[in-house]
Amino acid sequence: KYHRMLVLLNVFLLFGIICNARSVKEDQNNIRRRRLFGKDVYRIAAFGGANVWGLGDHLPSRFAAFPYLLSETVDNYGSVSTGSNYNSVCTESILGDERVYDIILLDFCHVVEPNVLHLAKRLRTRFPNALIVFVKYWRPLHIQRTSPTNQFHTINLLTWMETRGLSNWTSDSFKDDITVDDGVWTDQRDTDGMGDLYYEYASQVGGEVVELEPITGRVQDVLAGHGHLFTKSTLMSKDGHEHMAAQIKSLIDSKVLSTDNSDSIGTYGEGDKCHVWFTTGNIGDIAHTGSNLHEYDTHHGKFAMEFAGEGTIELKNPFDSARDVFLSFLVSSTSGVYPDVKVFGFSIDVTISTVGSESWSFDYVKTVGIGSLQPGNNVLTITPNFTSSDQLPFRLVGVSLPD
């Protein structure tokens with residue numbers, strides 16, 4: 001009897017060990033799943049434009065944008081106003097020395113310029129173990145149709161819809177018309193080589209490209225089935241953000257990432273020094289003459305150093321060697337027209353164009369290099385070239401010394 005009880009006890013003990021091992025394994029799987037899909041683990045940095053930022057009244061809030069659907073810990077550096085150049089020039093000044101990221105999202109697929117690669121390289125050098133995701137998506141605005149009988153006759157999707165009295169690409173009428181159309185439909189951003197360049201940039205930094213919905217087969221069928229991913233203004237819809245987040249989650253799942261490996265950080269190269277007062281109004285110790293700091297948009301709290309005539313700014317290069325200098329300024333849009341300006345200083349003599357786009361209904365900040373500054377203090381003379389009385393003062397919003 002004692003022997004039988006001992007055998008039963010061993011069986012129970014063995015069963016407990018097996019159950020405990022299974023429980024531990026399940027807990028490990030749960031930890032792994034939280035790492036893959038949890039909204040409380042991954043530290044994400046997001047760069048891009050309107051969609052990354054979560055622009056649009058069609059969303060319940062900007063926190064319904066796809067970066068926020070991936071994690072509770074998101075630093076969003078997206079901006080409608082600045083583009084990729086400022087981010088690439090001022091990476092260190094933007095991120096600082098304390099932040100560490102597991103995943104970095106880059107949404108610059110519609111303006112694929114060399115500074116996108118420069119930004120990605122600086123981020124890779126700083127965060128060697130982070131997953132860098134290049135977000136890619138077509139937009140109805142960039143879908144174009146070529147006539148099957150005249151290859152030189154090309155119209156975009158919006159124009160094609162207007163000729164047919166269609167105003168909504170989620171309607172049954174649109175789906176019916178686009179499906180039977182016999183034109184040659186393409187994504188302009190792919191036909192001009194931007195798509196391939198985007199993949200090349202990702203490859204150079206060990207990144208991955210995630211597409212919202214790849215265009216395979218007939219473009220007409222893709223449009224008919226996925227128009228709901230966009231709003232009329234070509235921003236991602238709520239469905240679009242959710243779909244984009246699901247595609248990125250799928251990539252994360254395949255990578256089986258671990259936050260334990262992400263804390264290793266590198267450098268920002270030779271460092272940068274950037275000073276932007278566009279949203280703060282704080283110009284620090286920058287001395288200037290012939291200009292005034294003006295909150296030109298009190299509703300949104302936007303500031304600029306305005307030059308209504310010739311003036312100067314004194315900039316300090318704190319580094320031991322000469323550094324390129326970039327100026328950030330407003331360009332013409334529906335908000336106003338600005339004059340071109342001449343910038344003169346030691347080894348600097350350039351004219352800056354403020355040409356923007358009449359279709360832009362927002363203030364757009366352009367960042368351009370103008371030459372180099374010697375170590376120490378440097379004085380630049382800024383002279384606006386007014387060509388009409390309705391032009392606004394030149395509005396300078398930042399200066400930058402990149403690596």
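Biologist: In which loop is serine 347 found?

Modeller: In this predicted model, serine 347 is found in the loop between β15 (340–345) and β16 (348–352). Its phi is positive, at about 65°, although serine 347 is not a glycine.

Biologist: Is serine 347 buried or exposed?

Modeller: A residue counts as exposed when its relative accessible area is over 50%. Serine 347 has a value of 54%, so it is exposed.

Biologist: How many bridges join strand β1 to strand β3?

Modeller: Four bridges join β1 (residues 43–47) to β3 (residues 103–106), and these strands run parallel. Phenylalanine 47, for instance, has leucine 106 in β3 as its bridge partner.

Biologist: Turning to the rings, how is an aromatic pair described, and how many pairs does a search of the whole structure find?

Modeller: A pair of aromatic rings is described by the distance of the centres and the angle of the planes. The search finds nine aromatic pairs. One of them joins tryptophan 160 and tryptophan 185 edge-to-face, with 5.4 Å centre to centre and 90° between the planes. Tryptophan 160 belongs to helix α6 (residues 157–163) and tryptophan 185 to strand β7 (residues 184–187), 25 residues apart. Tryptophan 160 is buried at 1% relative accessibility, and tryptophan 185 is buried at 5%. In the pair of phenylalanine 329 and phenylalanine 394, the centres are 5.7 Å apart and the planes stand at 40°, so this pair is tilted. Phenylalanine 329 lies in strand β14 (residues 323–331) and phenylalanine 394 in strand β19 (residues 394–401), so the pair ties together parts 65 residues apart in sequence.

Biologist: Which residues form one aromatic cluster?

Modeller: The cluster consists of Trp160, Phe174 and Trp185.

Biologist: Where does the charged end of arginine 323 sit?

Modeller: It sits over the ring of phenylalanine 319, 3.7 Å from the ring centre. Arginine 62 lies over the face of tryptophan 53, at 3.4 Å from the ring centre.

Key:
Residues are numbered from 1 along each chain as its sequence is written. This is a predicted model: local features need pLDDT of at least 70, side-chain atom pairs count only at pLDDT 80 or more; totals for chains, interfaces and linings use all residues. Side-chain values use heavy atoms; hydrogens and water are left out. Two strands pair if DSSP finds at least two bridges between them. Helices (H or I, at least four residues) and strands (E, at least two) are DSSP runs, numbered from the N terminus. Buried means under 20% relative accessible area, exposed over 50%, partly exposed in between (1.4 Å probe, protein chains only). Rings of Phe, Tyr and Trp (its six-membered ring) pair if their centres lie within 6.5 Å; planes under 30 degrees apart count as stacked, over 60 as edge-to-face and the rest as tilted. A charge sits over a ring if NZ of Lys or CZ of Arg is within 6 Å of the ring centre and within 35 degrees of the ring normal.
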